[in-house]
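I opened my notebook to look at one structure piece by piece.

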Amino acid sequence: MSIILIGFMGAGKSTVARLLAEDFIDLDQLIEQKIEMPIAHFFALFGEKDFRRIENEVFESVLQNQAVIATGGGIVESLQNVEVLRSHPQVVFLSADFATLWERISADKVNVRPLAQDKAAAQRLFERRKKSYEAVADLTVDVTDKSPEAIVQLIKERW
Ligand code: S3P
């Protein structure tokens with residue numbers, strides 16, 4: 001059974017996934033392989049709707065794998081994905097308050113997030129999605145003051 005990591009941008013999903021398993025699956029990376037361009041370029045060219053369509057396809061295609069899967073923050077934008085996550089028994093929500101996440105997002109100059117260009121808009125997105133993350137999580141880890149190693153430890157204690 002796969003462990004699926006969810007949470008808002010900046011929560012550390014990919015970092016934790018990499019530490020949990022060497023051969024983890026990073027959804028954003030798979031999407032970029034498929035679209036053959038950075039996600040930010042794709043958003044600018046085609047918009048969010050097309051991105052979500054591809055994100056859903058890629059998510060569906062990896063679900064059967066026995067793996068650690070790092071999702072993108074918007075995975076809960078699709079009701080179908082929410083249902084899949086709800087029925088999946090090993091979903092980990094990496095949780096933090098918005099100020100902490102925004103600090104991390106702003107500091108990350110490598111990974112450009114099209115939906116985090118405006119702080120107020122990102123905060124609204126965060127408030128709305130938080131409920132969905134909570135609703136589907138089997139384990140919630142507050143990542144605020146924890147190292148990636150400490151987070152991994154907590155997940156391993158559970159499963
Ligand atoms: C998104 C989060 C990003 C990426 C895309 C959209 C979102 O992933 O999938 O920019 O809607 O929150 P991270 O959560 O890994 O930054």
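My entries below go from the sheet to the helices and then to the ligand.

**Before starting.** I am looking at a predicted model, in which local features need pLDDT of at least 70 and side-chain atom pairs count only at pLDDT 80 or more, while totals for chains, interfaces and linings use all residues. I number residues from 1 along each chain as its sequence is written.

**Entry 1: the sheet.** I looked up the strand order and found an open sheet of five strands, β2-β3-β1-β4-β5, with parallel pairing. At the edges I noted β2 (25–26) and β5 (139–142), each of which pairs on one side only. My terms: helices (H or I, at least four residues) and strands (E, at least two) are DSSP runs, numbered from the N terminus. Two strands pair if DSSP finds at least two bridges between them.

**Entry 2: strand β1.** Which strands does β1 pair with? Three bridges join β1 to β3 (residues 68–70), running parallel, and three bridges join β1 to β4 (residues 91–95), also parallel. I followed leucine 5: it stands opposite alanine 70 in β3, and its bridge partner in β4 is valine 92. Alanine 70 came up again as the bridge partner of aspartate 26, and two bridges join β2 to β3 in parallel.

Then I checked the side chains of β1 (residues 3–6). Ile3 and Leu5 point one way, Ile4 and Ile6 the other, and all are buried. A residue is buried if 20 or more other C-beta atoms lie within 10 Å of its own, exposed if 12 or fewer, and partly exposed in between, with C-beta atoms placed from the backbone. In a regular strand the side chains alternate between the two faces of the sheet.

**Entry 3: two packed helices.** How do α3 and α4 pack? α3 (39–46) and α4 (residues 48–62) make an angle of about 130°, with their axes 7 Å apart. The axes are lines fitted to C-alpha atoms, for helices over the stretch in contact, and angles run from 0 to 180 degrees between N-to-C directions. The two helices are therefore oblique to each other. Angles under 35 degrees count as roughly parallel, over 145 as roughly antiparallel, 65 to 115 as roughly perpendicular and the rest as oblique.

Where they meet, I found Phe42, Phe43 and Phe46 of α3 against Glu48, Asp50 and Phe51 of α4. Contact means that C-beta atoms, placed from the backbone, lie within 7 Å.

**Entry 4: glutamate 55.** Leaving aside neighbours within four places in sequence, glutamate 55 is in contact with Leu27, Ile31, Gly72, Gly74 and Ile75. Glutamate 55 and isoleucine 75 are 20 residues apart along the chain, with their C-alpha atoms separated by 7.6 Å.

**Entry 5: glutamate 36.** I found glutamate 36 in the loop between α2 (27–35) and α3. Its phi is near 55°, a positive value in a residue other than glycine. Glutamate 36 counts as exposed because it has 8 C-beta neighbours inside 10 Å.

**Entry 6: the ligand.** Which residues are around the ligand? I listed Met9, Lys13, Asp28, Ile39, Gly72, Gly73, Gly74, Arg113, Pro114 and Leu115.

Technical notes:
Near = placed C-beta within 6 Å. Contact = placed C-beta atoms within 7 Å.
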